[in-house]
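Okay, thanks for coming, everyone. Let me put the structure up, and then I'll walk you through the core, the charged pairs and the pockets.

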Amino acid sequence: MADKRIVYQNDEGGICILIPWLGSGLTVEEIAAKDVPHGKPFKILDAADVPTDRSGRDLWAVDEADLTDGVGADCGVGSKKPFVMPEPSEDEAVEEEPATPEQEPVT
């Protein structure tokens with residue numbers, strides 16, 4: 001699952017490729033909804049399906065009809081609906097012991 005890429009079309013007709021960081025605790029789909037601009041359709045691909053030679057990347061294209069995995073959500077920069085990290089499930093939640101105050105040194 002770590003070798004995924006998120007592809008969407010930018011306003012100039014080119015494509016943008018996002019590399020999701022799964023250490024955030026979000027799924028690839030949640031990262032795409034959060035990071036793809038509002039209203040832009042996207043596709044989640046295997047990293048192996050994305051060209052590695054970046055020398056001709058200005059020529060890369062994607063058919064918008066193939067961007068079928070979701071649409072960027074209305075959140076983040078410029079939105080009145082900031083993205084909120086989901087709460088971990090009870091199974092994933094870690095209870096922490098409250099910190100004990102350090103004893104003051106005796107002088």
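This is a predicted model: local features need pLDDT of at least 70, side-chain atom pairs count only at pLDDT 80 or more; totals for chains, interfaces and linings use all residues.

How many salt bridges do we get altogether? The count comes to four. Let me show you two others. D46 pairs with K4, with 2.5 Å between the closest N and O atoms. As for D46 itself, 36% relative accessibility makes it partly exposed.

Then there's K40 with D11, where the side chains meet in a salt bridge at 2.5 Å, N to O. K40 is in the loop between α1 and β3, and D11 is in the loop between β1 and β2, so here the parts being tied together are 29 residues apart in sequence. D11 counts as exposed, at 66% relative accessibility.

Okay, on to the inside. In soluble globular proteins, nonpolar side chains tend to be buried together. Here, the largest nonpolar core has nine residues: I6, Y8, L26, V28, I31, A32, V36, F42 and I44. Which elements give two or more of them? Those are β1, α1 and β3. Of these, α1 gives the most, with three residues.

Have a look at Y8 while we're here. Beyond its neighbours within four places in sequence, Y8 is in contact with a whole list of residues, including G14, C16, V36, K40, F42 and L67.

The largest pocket has a volume of about 270 Å³. It has 14 lining residues, and I17, V50, R54, R57 and W60 lie nearest its centre. β2 gives the most to that lining, with three residues. By class, the lining splits into seven nonpolar, three polar and four charged residues.

The second largest pocket holds about 180 Å³ of space. There are 13 residues lining that second pocket, and the closest to its centre are V7, I15, L45, A61 and V62. β2 and β3 are the elements that give two or more residues to this lining. And what about the classes in the lining of the second largest pocket? There, we have 10 nonpolar, no polar and three charged residues.

That's my tour, so over to you.

Methods
Residues are numbered from 1 along each chain as its sequence is written. Side-chain values use heavy atoms; hydrogens and water are left out. A nonpolar core is a set of buried Ala, Val, Leu, Ile, Met, Phe, Trp, Tyr and Cys residues joined through side-chain atoms within 4.5 Å. Buried means under 20% relative accessible area, exposed over 50%, partly exposed in between (1.4 Å probe, protein chains only). Helices (H or I, at least four residues) and strands (E, at least two) are DSSP runs, numbered from the N terminus. Contact means heavy atoms within 4.5 Å. On a 1 Å grid over the protein atoms alone, a cavity is a set of points where a 1.4 Å probe fits but cannot get out, and a pocket is an open set with protein on both sides within 12 Å along at least five of seven lines; lining residues have an atom within 4 Å of a point. Grid points are joined across faces, edges and corners, and a volume is the space filled by probe spheres set on the points. Ala, Val, Leu, Ile, Met, Phe, Trp, Tyr, Cys and Pro count as nonpolar, Asp, Glu, Lys and Arg as charged, and the others, Gly among them, as polar.
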